[in-house]
Structure formats: structure tokens, C-alpha cells
Amino acid sequence: MLLTIDVGNTHTVLGLFDGEEIVEHWRVSTDPRRTADELAVLMQGLMGAHPVLKTESVDGLAICCTVPSVLHELREVTRRYYGDVQAVLVEPGVKTGVHVLTDNPKEVGTDRIVNTLAAKHLYGGPCIVVDFGTATSFDAINERGDFVGGAIAPGIEISVEALGVRGAMLRKIEVTRPRGVIGKNTVEAMQSGVLFGFAGQVDGIVNRMAAELAEDPDDVQVIATGGLAPLVLGEATSIDVHEPWLTLVGLRLVFERNTATS
């Protein structure tokens, strides 16, 4: 059994693989104050409730992390609690097979590289990955599976929080589909602006990227992932497919690439 861990700025997603099949998954908040011992208790508590792990054990770990303080603690977790398990942390020197064609490849988050690998594996290229997380990131992948660049915009939750804090007559709201685009009250007006505004942003950026990626933009596959993707899926016309576990699949592929000869 392979345990994959994707640590983002807001949430941490864990997935348990039996071969190529993801058999269980969990989403928890990312807290940079958690110690290695606290992380270990959390992980073991989640996995201890799964019936499969009553007869089988984790024999591999694959981790990508965009929060440096959490990464430090996860290294300690792997050393103290999983010392006899093969562990792969996605960082410089780890084999991904992804060429990063940007001005400074070291600036590209490991989650975006892992997503590129998974997208190429599942759908080929060219393609665009739209990751709805703390930020909304757009990753452009050419026909060879190279990461060629992208765009980063404020995420949905960040925007809602900013409206509530900076708007004197506004407040935090639940992001859900209002009755129509023309809101009949303040909450509906905010919901309309956030939901349809983000859908329009996604379509606008994706269409411009697709025109740069391929002679025929229709050849570009658009993949949505991230915890907030379901909010926009029904409104953004440019999205072709939803892959909620794209990063976890990529982590499985990275693990296989780095342990195949071990």
C-alpha cells in the first residue's frame, strides 16, 4: 500500500493506493504549527480506521509539500515513524521525467510538476491543468509533456475573505450557485460575482493559453483539479474533465519512477 500526501497552503490531501487504484482518501487542514509527532498521530489515526489497513500495512510514502515548515516536520515523520518504508519527497534531484521550460525552474511548485506528470500520463499533451486551491493556478503542458509555464490568480476563498474584510457592508458568504446572475440581495450578488466571475476568468485564461499552446486550440485538453473545482465545473465551459486526485496520481507515478530499481 502506498500513502501519498499532498500538502497545500490551506489543505493537506492524503490518498491510499493499492496498486494503481486509490482505495481511500482524506482531506485535513494544513497547520504549519503541527509537530512531527502530531502529524504522525493524525496520519495513523486516519489510517487506523480503514479496514484494509487492519490486514495490510503501508510500504511506501510519496510526498509533495509547498509549505517549508511542514516539509521539515514530514521529513522527521518519515525518519521516526516510517524508517523502514521507502519514502520519496518531491524535491530537486527526484526523477519526475518532466522538463520545466521556464526562466527559473526552481520557482515552480512541486505540486505543479506532479500535476504535469499525471496529466501527461492520463491525457497526453497538449493540455492545461486548472488547480482550484488557495490560489487558482493554470499549468500549460505541451505535446511532449513539458511544463512550459502558466498563470496564477487569487483563489476563490481568498477572494471571498477579502471582500468580507475590505467591504464595509459586505460579509463572508457561502459560495454556492445563486438563483441567477442578477442577485436580488447582497449575498446573492456576491455569490454571483464570485462564481460567475471565476468561471469567466477560467474560460478567458484557458482559451488564451490554448491558442498559444496549439495551432488548433480544440486539441488542448483542459483538466480541473483541486478542492474547490466542483464549485466552478458547471459554469466554466472550457473544462473537459475533472480529476480530483490528479496530484495523488502524480505522486504515485513519481514514487514508481524513483523506486523501480530499488
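Predicted model: local features only at pLDDT ≥ 70, side-chain atom pairs only at ≥ 80, totals over all residues.
Which residues does Val13 touch, not counting residues up to four places away in sequence?

View 1. Not counting residues up to four places away in sequence, Val13 touches Thr4, Ile5, Asp6, Trp26, Arg27, Trp245 and Leu248. The relative accessible area of Val13 is 8%, so this residue is buried, the limit being under 20%.

**View 2. The annotated binding site.** In an unreviewed UniProt entry, the annotation "binding site" covers Asp6, Val7, Gly8, Asn9, Thr10, His11, Thr12, Val13 and Thr134. These residues span 129 residues in sequence, yet no two of their C-alpha atoms are more than 13.4 Å apart, so they gather at one spot. Val7 and Thr12 are included in the lining of the largest cavity.

**View 3. Thr12 and its contacts.** Strand 2, formed by residues 11-18, contains Thr12. With a relative accessibility of 9%, Thr12 counts as buried. Leaving aside neighbours within four places in sequence, Thr12 is in contact with Ile5, Asp6, Val7, Trp26, Arg27, Val28, Ser29 and Thr30.

**View 4. The largest cavity and its lining.** The model has one cavity of 30 Å³ or more, and the space in the largest cavity is about 130 Å³. Its lining comprises 15 residues, of which Thr12, Val28, Arg34, Leu39 and Leu42 lie nearest the centre. At least two lining residues come from each of strand 1 (2-7), strand 2, strand 3 (21-29), helix 1 (36-48) and helix 2 (68-81). Helix 1 gives the most, with four residues. By class, the lining has ten nonpolar, three polar and two charged residues.

Key: Residues numbered from 1 in each chain as written. Heavy atoms only, no water. UniProt positions renumbered as here; feature names shortened; annotations may be inferred. 1 Å grid on protein atoms, 1.4 Å probe; cavity = no way out; pocket = protein on both sides within 12 Å on 5 of 7 lines; lining within 4 Å. Buried < 20%, exposed > 50% of the residue type's maximum accessible area, 1.4 Å probe, protein only. Contact = heavy atoms within 4.5 Å. Points joined across faces, edges and corners; volume = space filled by probe spheres on them. Nonpolar A, V, L, I, M, F, W, Y, C, P; charged D, E, K, R; others polar.
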